[in-house]
Amino acid sequence: LVFDFGGGTCDIAILSVRYTTDSGISVDLRQVSRYHRLGGGDIDRSIIYDILIPQLEKQNNLDPFNLSFTEKKRYIEPAVLNAAEALKIKICSEIRRRIQFDRYSDEDKESIKTVMSGSYVCQLPKRKLVLQSPELTAAQFEQIMEPFLDDLLLYARETEYYMTCSIFAPITDAMDRCGLRSEDIDYCLLVGGSSQIPQVVAAVEDFFW
């Protein structure tokens, strides 16, 4: 099973690979998943609306209802999107490093934190807001990832600001369409930038093994 989790889609291909002394290696495509709009960009938007905008509101003395939908979507989201992606990459690197040393599971996830130093200016039509040194903890990132790793609720869930969908939706889609179970898969190849997220790796391992 090829698990291709990139920036904008999560695509699954199931292949039968055989080797014979006569013909060598042969590869037959068994099934591919239907289109699922699911990728690292959805995780970035979750970080923006669940983590960074509350930080922006607190730093600028705003209540949660002071920003309109248009202000958030048209002006703030583009201004802090790079910060959200960078925080995601940094927290994943820190989590992966601690997993390698077998330290992550026993640590306080709130104490594992990454910070993007500097200011992110959000120029709105009638005012300017500044997000100063946004941060993301491992505990917050674990919570962000929960709906993306749900192996029971496989339908896409959409708010007015972003969508979440489980990585197991395309996996089970492809497997169901060719009548396979998790124990029928011999190898799983993870490709794409989002497949490097430690929680994704662990969830796929648990599903198949």
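# Salt bridges, bends and patches, asked and answered

Me: How many salt bridges does a search of the whole structure find?
Reply: The search turns up 14 salt bridges, and keep in mind that this is a predicted model.

Me: What makes E71 and R127 a salt bridge?
Reply: Their closest N and O atoms are 3.2 Å apart. The cut-off is a Lys or Arg side-chain nitrogen within 4 Å of an Asp or Glu carboxyl oxygen, so the pair qualifies. E71 sits in helix α2 and R127 in the loop between β5 and β6, 56 residues apart, so this one links distant parts of the chain.

Me: Why is E71 called buried, while R127 is called partly exposed?
Reply: Buried means under 20% relative accessible area, and E71 has 15%, so E71 is buried. R127 has 26%, which falls between the 20% and 50% limits, so R127 is partly exposed.

Me: What about R98 and E94, how do you know that they form a salt bridge?
Reply: N to O is 2.7 Å for this pair, and the limit is 4 Å, so R98 and E94 count. They are 4 residues apart in helix α2, which means about one helical turn separates them. R98 is buried too, because its 13% relative accessibility is under 20%.

Me: And why does the contact of E135 with K113 count as a salt bridge?
Reply: At 3.8 Å from N to O, the pair is still within 4 Å, so it counts.

Me: Where is the kink in helix α2?
Reply: The kink is at E77, shortly before the proline P78, and the bend is about 55°. Helix α2 covers residues 69-100, and D102, which follows α2, has a positive phi near 55°.

Me: Why is N61 called exposed?
Reply: Exposed means over 50%, and N61 has a relative accessible area of 74%, so N61 is exposed. N61 lies in the loop between α1 and α2, and its phi is positive, near 55°, in a residue other than glycine.

Me: What makes S133 partly exposed?
Reply: S133 has a relative accessible area of 25%, between 20% and 50%, so that is the label it gets. S133 is placed in the loop between β6 and β7, and its phi is near 45°, a positive value in a residue other than glycine.

Me: Which residues make the nonpolar surface patch?
Reply: L15, V17, Y19, I25, V27, L29 and V32 make a patch of about 720 Å². Strands β2 and β3 each give two or more residues, and the largest share, 4 residues, comes from β3.

Me: Which residues are closest to the centre of the largest pocket?
Reply: The largest pocket holds about 350 Å³ of space. Of its 14 lining residues, L1, L15, S16, V17 and Y187 are closest to the centre. Strand β2 gives the most to the lining, with 4 residues.

Key
Residues numbered from 1 in each chain as written. Predicted model: local features only at pLDDT ≥ 70, side-chain atom pairs only at ≥ 80, totals over all residues. Heavy atoms only, no water. Patch = residues over 30% accessible without salt bridge, like charges linked within 9 Å, V, L, I, M, F, W, Y side chains within 5 Å. Areas by Shrake-Rupley, 256 points an atom, 1.4 Å probe, with all protein chains shown as cover. Bend = angle between axes of the 7 residues up to and from the residue. Buried < 20%, exposed > 50% of the residue type's maximum accessible area, 1.4 Å probe, protein only. 1 Å grid on protein atoms, 1.4 Å probe; cavity = no way out; pocket = protein on both sides within 12 Å on 5 of 7 lines; lining within 4 Å. Points joined across faces, edges and corners; volume = space filled by probe spheres on them.
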